[in-house]
Amino acid sequence: AALRYLCTGPLCRRAEDLWPLLRVLAGPDGEDPACEAIPLGDPRSVNLSGMPVLCIESNGDPVSKDLQAALQRAAAALSARGARVRHAVVSDLRHSLEIWAALMNAAGGPSFAELLGEGTPIHAGRQLLALCLGRSPHTLPALGLALIEKLPGRLQKRAEQALVLARELRDLLTALIGAEGVLLYPPYVSPAPRHGRALLLPIHWAYTALFNVLELPVTQVPLGLSEDRAHRGLPVGVQVAALHGQDHRTIAVAQELERACGGWVPPPSARGAA
């Protein structure tokens with residue numbers, strides 16, 4: 001099951017390029033045993049008029065004003081096209097990191113520590129010390145993940161509770177989003193942090209990691225650059241999620257948001273050079 005959580009998706013500057021690339025990537029290739037054939041929809045078949053759009057503004061961790069404003073711009077743009085926008089607070093999202101760790105642990109298969117050691121688990125603590133001395137071949141994020149993945153096994157009761165929460169949260173989000181709806185959700189708590197700073201508070205990447213283990217497709221949509229003094233000129237955006245197998249729906253919404261809000265723009269230095 002872990003292979004179902006570790007998927008590759010297209011990365012493009014323009015939303016129109018996502019669907020052709022996804023069609024190339026999708027489907028069994030004869031090598032990946034976890035890859036299943038599922039019907040692909042068509043973004044052109046998605047009608048935004050009347051589409052349910054659920055907005056969740058945070059998982060409990062404060063989100064910067066720039067990202068809040070980006071989410072609101074996205075909601076307003078879809079509302080102008082006739083979508084039915086509503087807001088909700090889902091308290092169980094505060095357990096996102098626990099849910100991610102528990103589901104990854106329950107998925108079985110080789111651990112991340114084994115993958116790093118090419119079949120033999122590395123000792124993450126020793127490698128962390130070696131990294132401080134400049135003698136580890138692994139990065140700090142990789143070693144951090146190898147340490148975090150051990151927690152559910154050591155906290156068995158807590159992990160079992162997290163698995164129950166995962167099922168409840170998946171069912172709740174499925175009901176709230178609906179078969180023809182999408183979810184707007186922040187990608188992080190702030191625009192791009194300074195290099196290395198995100199490692200100090202790794203719980204924040206649960207904003208994106210959660211959807212991997214819930215197996216919900218997500219399209220990250222750029223919505224311009226931050227105007228906040230502390231993060232001026234950094235990209236902001238929003239995650240558009242939908243139910244399993246509804247990738248075409250998130251991409252259709254991404255295409256509309258690009259038309260309405262401008263999509264990707266070059267950073268100030270690149271514009272000046274041009």
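Which residues is Leu257 in contact with, leaving aside its neighbours within four places in sequence? They are Ala74, Ala77, Leu78, Val221, Leu223, Val238, Val240 and Gly262. This report starts from the whole chain and then returns to that residue. The model is predicted.

## Overall build

The protein chain holds twelve helices and five strands. Its C-alpha atoms fill a box of roughly 55 × 45 × 40 Å along the principal axes. How does the radius of gyration bear on the shape? For 274 residues, a compact globule would have a value near 19 Å; the protein chain has 20 Å, so the two agree.

Of the 274 residues, 39% count as buried.

## Surface and charge

The protein chain exposes about 15300 Å². Carbon and sulfur atoms supply 55% of that area.

Charged side chains come to 26 positive and 25 negative. The centres of the two sets lie 7 Å apart.

## The nonpolar cores

In soluble globular proteins, nonpolar side chains tend to be buried together. Here the largest nonpolar core has 60 residues. Leu184, Val238 and Leu257 have the most contacts inside it. Helix 3, residues 65-80, gives the most to this core, with seven residues. There is also a second, separate core of five residues. Among them are Ala113, Ile122, Leu143 and Ala146.

Back to Leu257. One of its contacts is Val238, which is also among the residues with the most contacts inside the largest core. Other contacts of Leu257 include Ala74, Ala77 and Leu78.

## Ala77 in helix 3

Ala77 lies in helix 3. Is it buried or exposed? Ala77 has 14% relative accessibility, under the 20% cut-off, so it counts as buried.

Beyond its neighbours within four places in sequence, Ala77 is in contact with Leu257, Ala260 and Cys261. Pro39 is another matter. Ala77 and Pro39 are 38 residues apart along the chain, and their C-alpha atoms are separated by 29 Å.

## Asn59 and its surroundings

Asn59 sits in the loop between strand 1 (52-55) and helix 3. The residue is buried, with a relative accessible area of 7%. Which residues does Asn59 touch, not counting those up to four places away in sequence? The list is Leu93, Arg94, Ser96, Tyr185 and Tyr207.

Asn59 and Val189 are 130 residues apart in sequence. In space, they are 9.6 Å apart, C-alpha to C-alpha.

## Helix 10 and the residue after it

Tyr207, touched by Asn59, is one of the buried residues of helix 10.

Glu215 follows helix 10. It is found in the loop between helix 10 and strand 4 (218-225). Most residues other than glycine have a negative phi. Glu215 has a positive phi, near 60 degrees. At 22% relative accessibility, Glu215 counts as partly exposed.

Glu16 is found in the loop between helix 1 (2-5) and helix 2 (18-25). At 54% relative accessibility, Glu16 counts as exposed. Not counting residues up to four places away in sequence, Glu16 touches Gln255 and Glu258. Glu16 and Pro43 are 27 residues apart in sequence and 9.9 Å apart in space, C-alpha to C-alpha.

Val164 lies in helix 9, residues 156-177. At 36% relative accessibility, Val164 counts as partly exposed. Its C-alpha atom is separated by 9.8 Å from that of Ala102. Along the chain, Val164 and Ala102 are 62 residues apart.

Conventions: Residues are numbered from 1 along each chain as its sequence is written. This is a predicted model: local features need pLDDT of at least 70, side-chain atom pairs count only at pLDDT 80 or more; totals for chains, interfaces and linings use all residues. Side-chain values use heavy atoms; hydrogens and water are left out. A nonpolar core is a set of buried Ala, Val, Leu, Ile, Met, Phe, Trp, Tyr and Cys residues joined through side-chain atoms within 4.5 Å. Buried means under 20% relative accessible area, exposed over 50%, partly exposed in between (1.4 Å probe, protein chains only). Helices (H or I, at least four residues) and strands (E, at least two) are DSSP runs, numbered from the N terminus. Contact means heavy atoms within 4.5 Å. The radius of gyration is taken over C-alpha atoms; the globule rule is 2.2 Å times the number of residues to the power 0.38. Accessible areas come from the Shrake-Rupley method with a 1.4 Å probe; for residues, only the protein chains shown count as cover. Lys and Arg count as positive and Asp and Glu as negative; His and the chain ends are not counted. The place of a charge is taken as NZ of Lys, CZ of Arg, CG of Asp or CD of Glu.
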